Amino acid sequence: MIDDDMRYRAVDSRDARFDGVFFTAVTSTGIYCRPSCPAVTPKRANCTFYPTAAAAQGAGFRACRRCRPDSVPGSPEWNHRADLVGRAMRLIGDGVVDRDGVAGLAGRLGYSSRQLQRQLTAELGAGPIALARARRAQTARLLLQTTDLPVTEVAFASGFSSVRQFNDTVREVYDRTPSGLRDEVAAGRRTAGPAGGLSLRLAYRGALDSEHLIDFLALRAVPGVEEVVPGARPGTRTYRRTLALPYGHGIAEVDGLAFDEPRTRGWLDCRIRLADLRDLTTAVHRLRALFDLDADPDAVDEQLGADPLLGGYVRARPGLRSPGHVDPHELAVRAVLGQQVTVVAARTLAGRLTEKYGAKLPEPSGGLHRLFPTAAALALADPADFAMPAARQRALTGLCAALADGSVRLDGGVDREQAAADLLALPGIGPWTVGYLRMRALADPDVFLPGDVGVRHGLVRLGALGDPKNATLTAQAWAPWRSYAVHRLWAAVSEKKAPQTAPAVNGSAGDGPVGDGPAVNGRGVPAQLRGPA
């Protein structure tokens, strides 16, 4: 917990680690800034601190045009917190209020609209409408300054219900008319519109190990849905994938950092093409979750770096993230597809199912030509198309049916404990799969997988005991960042050949290490030794 004096010291030192964690409003100027704003530090007596940009806007302050506080990474709290506020912020970030209103948001969370309004206002200084309005304003600025779309199209693409509401909000937040805001950026830096896609920067704080992220995603890339290709800039790679979004489909490209670029660069270059621009906020939110861009790597690395076992790896490779996913249903299906098989086999099977049951894009883009099949489509699929044992076929069909009818939910607003219980109640779904989904689909930062073969080999590689009981005891020191520790252990396995004397994994027929995680071969040792497990 930090108090206002600590916040002011962060502002005085222009500490970028706190960007997005809080905002500084200056009463003498009427503006609010990020903590790292390069402007002259205001007097302490003139500073008021707010937990969200929406709260600062609600108090009558406008966004600083120098530091652009609306473009900072989100607070790491919204990734990690499992309470009502954290769950609500994840859904608001995904655009639920814009699509379903406050009543729809409250319904997903299991609270009344009044209870939700009261709790968000008490903790964040703004209710769900104000929080969603702040995100709409940010999207509007992005579209105004990066495209030449007509202002009316920008208004509705940003989620506003009327042009008048759009105009009033832009004036209030930025102290500019929409056209004035657009004129701040030279016309030559803007694109014609969605045909060529939108270019933007995905901000992050601290260090970022993009090599680990790209390696992790490349190893698991489903043909037709994902690919990793050489980037346009020398020394870079680009991750590309299709997106199934509320209003249509999209194609996203995210560039990793070049080898000679600092890990603290502060942003990743991204390009998005959308069938419907109303999906922009949702697409950006899901890409940020995939790359874990709202994390606080300094807090994670400080704790794990002090551990005698992991410290050397943390210091040698700072900024390692815990990748999430753009579609929790897709991840759940892939986890079951890969149970007890190698990563390559799981990826091949996922590609075959995508080819038969995935929706085809109107036009292919490079190696991308389909969306991953929906749970509803796979629930009705021909079992003959599932090249797996009958027990796993039933597990996959049962999971897809539960996801399709809503009896199991994996969206950002679900209670993690409830989701875990619902998953475990399904036949063929065991603790490993539930933990893996909590870690990646539900952004739980504190998941440990003691029976995972990659974790066990990683522990042995570092000189520790790898059996589940001792692994669990060892991992207690890594809370609340055990998900990141799992990735550290997987990375340790990939650096050198794993010891052949490690104990074989004892996964049950319906669970155990999956193809979407570290794969195993018939002898219980990693089948993939290059790239992260």
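This is a predicted model: local features need pLDDT of at least 70, side-chain atom pairs count only at pLDDT 80 or more; totals for chains, interfaces and linings use all residues.

Four strands make up an open sheet, and their order is 3-1-2-4. The pairing is mixed. Which strands stand at the edges? They are strand 3, residues 47–50, and strand 4, residues 62–63. Each has a single partner strand, so one side of each has no neighbour in the sheet.

Now look at strand 1, residues 23–26. Strand 1 and strand 3 run antiparallel, joined by four bridges. As a landmark, find V26: C47 of strand 3 stands opposite.

Next, helix 5, residues 96–109. How far apart are its end C-alpha atoms? Only 11 Å, for 14 residues. A straight helix would reach 20 Å, at 1.5 Å a residue. Go to V102 and you'll find a bend of about 85 degrees in helix 5. V102 is also one of the buried residues of this helix. What do the buried residues of helix 5 pack against? Helix 4 (84–93), helix 6 (113–124) and helix 7 (128–146). Just past the end of helix 5 comes G110, with a positive phi of about 80 degrees.

Now turn to helix 18, residues 390–405. It has 16 residues, so at 1.5 Å a residue it should span 22 Å. Its end C-alpha atoms are 23 Å apart, which agrees. The buried residues here include R392, Q393, L396, C400 and L403. For packing partners, the buried residues of helix 18 have helix 15 (328–337), helix 17 (375–379) and helix 19 (416–424). After helix 18 comes G406, and its phi is positive, near 85 degrees.

Last stop: Q57, in helix 2, residues 53–58. Is Q57 buried or exposed? Its relative accessible area is 4%, and the cut-off for buried is under 20%. So Q57 is buried. What does Q57 touch, leaving out residues up to four places away in sequence? Y32, R133, A134, E172 and V173.

That's the tour. Thank you.

Key: Residues are numbered from 1 along each chain as its sequence is written. Side-chain values use heavy atoms; hydrogens and water are left out. Two strands pair if DSSP finds at least two bridges between them. Helices (H or I, at least four residues) and strands (E, at least two) are DSSP runs, numbered from the N terminus. The expected span of a helix is 1.5 Å times one less than its number of residues. The bend at a residue is the angle between axes fitted to the seven residues ending there and the seven starting there. Buried means under 20% relative accessible area, exposed over 50%, partly exposed in between (1.4 Å probe, protein chains only). Contact means heavy atoms within 4.5 Å.
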